[in-house]
Amino acid sequence: MPMSYVIISTDTDGIPVLLGYKEWNEHILKRHPEMNNFLDEIKKAIENPDLCHSDPEDTRVKLHYREIHPEKRLHPKLAYLLVVIKYVNAPERQYQKTGFVSSAYFLKTPKSKGINNAKRD
């Protein structure tokens, strides 16, 4: 059975990034229900992050950060959206390198370890 996706996008390197319905409903919304109205912001963080770097604990994972406009913040101190993307050569995509969103949540400041790419348009 083919998988359905909430988001189909590409990152700044042109690599496809997907957020599956199952991951969205069974992981992200269960653990972080506050994310429900932020799908557009998740997509923006994938496509045009304010900051992006590799996870120092897993080089297959990139952390994409997007600063949230003060008027949209759920709490004044939670200024950033973090989207966690794991990149694999996916068999279901003919072993094409593909990113899969594994989590998304808000935090005060970006993690600073492992920075290899800062971007701001």
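Modeller: Before we start, contact here means heavy atoms within 4.5 Å. Keep in mind, too, that this is a predicted model.

Let's take helix α2, which covers residues 39–47. Its buried residues are E41, I42, A45 and I46. Looking down the axis of α2, you'd see those buried residues fall within an arc of 145 degrees, so they line one face of the helix. What does that set of residues pack against? The partners are β1 (5–10), β2 (16–20), α1 (21–31), β4 (58–67), β5 (80–90) and β6 (96–107).

Now for the charged side chains. E41 forms a salt bridge with K44, and the closest N and O atoms are 3.6 Å apart. Both residues belong to α2 and sit three residues apart, about one turn of the helix. An α-helix has 3.6 residues a turn, so residues three or four places apart point the same way.

Overall, the structure holds six salt bridges. Among the others, R60 pairs with D58, with 3.1 Å between the closest N and O atoms; R60 is partly exposed, at 43% relative accessibility. There's also a bridge between the side chains of E67 and R73, at 3.5 Å from N to O. E67 is partly exposed at 38%, and R73, at 21%, counts as partly exposed as well.

How values were computed. Residues numbered from 1 in each chain as written. Predicted model: local features only at pLDDT ≥ 70, side-chain atom pairs only at ≥ 80, totals over all residues. Heavy atoms only, no water. Buried < 20%, exposed > 50% of the residue type's maximum accessible area, 1.4 Å probe, protein only. Helix = DSSP H or I, 4+ residues; strand = E, 2+ residues; numbered from the N terminus. Arc of directions from axis to C-beta. Salt bridge = Lys/Arg side-chain N within 4 Å of Asp/Glu carboxyl O.
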